[in-house]
Amino acid sequence: MLVCSCRAVTAREVETAIAKGARTVDAVIRTCGAGADCGSCVGEIEDRIACASRRSHDGKRPGLLHVVHAATG
C-alpha cells in the first residue's frame, strides 16, 4: 500500500523508517522521503508513528494497533 503517492513510498518503507528510529515526520522525510512533497500523507505518517509509540509502551506485537486503527479509523 502506498502511503506517499508523490514519492511512491510504501507503508512498509515508512514503518521500516519508524522501526529504525524515525519518531517525527521530519525524521521519516529524511529517512525515506514520504511527506516531503504535497504533505497529504503527513497525517498517515503521524498515525503510524503514534501506533509504533503505543506498541513500544504496551508490549503488543508490531502492527496490531495499526490494523485495529485502520479498521475503525
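Trainee: How many disulfides does the structure hold?

Mentor: This is a predicted model. A disulfide requires two cysteine sulfur atoms within 2.5 Å. The sulfur of Cys 38 has its closest cysteine sulfur in Cys 6, at 3.7 Å, which is too far for a bond. For Cys 41 the closest is in Cys 4, at 4.0 Å, again too far, and the number of disulfides in the structure is zero.

Trainee: Is Cys 41 buried or exposed?

Mentor: Buried means a relative accessible area under 20%, and exposed means over 50%. Cys 38, at 54%, is exposed. Cys 41 has a relative accessible area of 6%, so Cys 41 is buried.

Trainee: Which residue forms a salt bridge with Asp 37?

Mentor: The search of the whole structure finds three salt bridges. In the one with Asp 37, the closest N and O atoms are 3.2 Å apart. The pair links distant parts of the chain, with Asp 37 in the loop between H2 and H3 and its partner in the loop between strands E1 and E2, 30 residues apart. The partner of Asp 37 is Arg 7.

Trainee: Which residue meets Glu 15 in a salt bridge?

Mentor: The N to O distance in this salt bridge is 2.2 Å. Glu 15 lies in helix H1 and its partner in helix H3, so the pair ties together parts that are 33 residues apart in sequence.

Trainee: Within what arc do the buried residues of H2 fall, seen down its axis?

Mentor: Helix H2 covers residues 25-32, and Val 25, Ala 27 and Val 28 are buried there. Seen down the axis, these buried residues line one face of the helix, because they fall within an arc of 155°.

Trainee: Which exposed residues are carried by the face of H2 turned away from its buried side?

Mentor: The buried side is where Val 25, Ala 27 and Val 28 belong, as these residues of H2 are buried. The face turned away from that side carries two exposed residues, Asp 26 and Arg 30.

How values were computed: Residues are numbered from 1 along each chain as its sequence is written. This is a predicted model: local features need pLDDT of at least 70, side-chain atom pairs count only at pLDDT 80 or more; totals for chains, interfaces and linings use all residues. Side-chain values use heavy atoms; hydrogens and water are left out. Buried means under 20% relative accessible area, exposed over 50%, partly exposed in between (1.4 Å probe, protein chains only). Helices (H or I, at least four residues) and strands (E, at least two) are DSSP runs, numbered from the N terminus. The arc is that of the directions from the helix axis to the C-beta atoms. A salt bridge is a side-chain nitrogen of Lys or Arg within 4 Å of a carboxyl oxygen of Asp or Glu.
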